[in-house]
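Please go through the chain below from its overall make-up to its details.

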Amino acid sequence: MDVFYDLLKFLHVMSFVFMTVPLFNLIVVNERSLLGVSFNYYADRYMENIIKHGAYRCFVFQLTVLVTGILLLLVGPGIKVLWINWIVLVKTVLLFILMGLLSYVHFKLQPKIELLLSNVSPDSSVPDNLVTQLKPYRIRRKWLATFCLFLVITSIILGLQVYVRYNLLLTIVLVALAGVFSLNVNKTLIRFGWV
Ligand code: HEM
């Protein structure tokens with residue numbers, strides 16, 4: 001059983017590492033804006049494909065985190081820990097919020113962007129107002145990705161404390177740093193990883 005538990009824990013950790021899709025999407029978006037041109041069919045299509053397909057991957061990783069998390073409880077101390085251990089409860093709530101935000105982006109925002117892009121082909125001229133129409137959706141999506149990144153890092157900070165707690169002040173400082181880092185990823189290319 002110990003081997004199975006360790007395997008579950010491995011899958012749990014691997015899946016939330018892969019849930020850092022918002023980090024890499026934000027980097028892709030900021031790299032795209034470095035090109036300087038307001039619209040370029042191939043660059044924009046390539047970026048939108050990465051974001052659109054990234055959502056499917058992220059759904060699978062989120063689901064894997066949820067299933068392995070529940071199994072870790074069932075195989076380990078029992079499902080009751082879900083409501084008596086506030087860390088596990090908060091992690092679960094954060095995971096559902098992340099699933100909800102990803103669903104909003106994928107099923108509400110992304111189709112609006114796709115609809116606008118469907119009017120353009122590599123050979124056609126770009127409609128005058130295309131960039132203006134795309135902008136509000138892209139800005140909202142970028143802020144939501146930033147918030148998701150913050151929630152993912154916060155869940156990791158909590159995830160490390162399921163059974164052995166960190167000093168509360170350290171936890172608060174780490175969560176604050178998660179916020180600073182997420183904002184930094186929104187605004188800059190973090191060329192040197194952390195900054
Ligand atoms: C965004 C969501 C989540 C993240 C980022 C996350 C992250 C983590 C991390 C980093 C660990 C530490 C592993 C270690 O100390 O070796 C962990 C352990 C654990 N997680 Fe999660 N988790 C998430 C969701 C969940 C959910 C939804 C559940 C259960 C319903 C859950 C149950 C557990 C349990 C029971 C452990 C303890 C394993 C152990 O130390 O033996 N997690 N998680």
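**A helical chain**

The chain has seven helices and zero strands, where helices (H or I, at least four residues) and strands (E, at least two) are DSSP runs, numbered from the N terminus. Read from the N terminus, its elements run α-α-α-α-α-α-α. This is a predicted model, in which local features need pLDDT of at least 70 and side-chain atom pairs count only at pLDDT 80 or more, while totals for chains, interfaces and linings use all residues. Residues are numbered from 1 along each chain as its sequence is written, and side-chain values use heavy atoms, with hydrogens and water left out.

Along the principal axes, the C-alpha atoms fill a box of roughly 60 × 30 × 25 Å. Of the 195 residues in the chain, 40% are buried; buried means under 20% relative accessible area, exposed over 50%, and partly exposed in between (1.4 Å probe, protein chains only). Among contacts (heavy atoms within 4.5 Å) with a separation of 6 or more, 79% join residues 24 or more positions apart.

Two packed helices are described by the angle between their axes and the distance between the axes. Helix H2 (residues 21–34) and helix H7 (residues 168–187) have axes that come within 8 Å and cross at roughly 30°. Axes here are lines fitted to C-alpha atoms, for helices over the stretch in contact, with angles running from 0 to 180 degrees between N-to-C directions. H2 and H7 are therefore roughly parallel to each other, since angles under 35 degrees count as such, over 145 as roughly antiparallel, 65 to 115 as roughly perpendicular and the rest as oblique. H2 contributes Leu23, Leu26 and Asn30 to the contact, and H7 contributes Phe181, Val185, Asn186 and Lys187.

Thr154 lies in helix H6 (residues 130–159). Its relative accessible area is 10%, so Thr154 is buried. A polar atom of the Thr154 side chain lies 2.8 Å from the backbone oxygen of Phe150. Beyond neighbours within four places in sequence, Thr154 is in contact with Leu94, Val175 and Ala178.

How many disulfides are there? With a disulfide taken as a pair of cysteine sulfur atoms within 2.5 Å, the count is zero. The sulfur of Cys58 has its closest cysteine sulfur in Cys148, 7.8 Å away, which is too far for a bond. Cys148 is likewise in no disulfide, its nearest cysteine sulfur being that of Cys58. Cys58 is buried at 5% relative accessibility, and Cys148 is buried with a relative accessible area of 10%.

Methods:
Polar contact = N/O pair within 3.5 Å; in protein donor to acceptor, adjacent residues only side chain to side chain.
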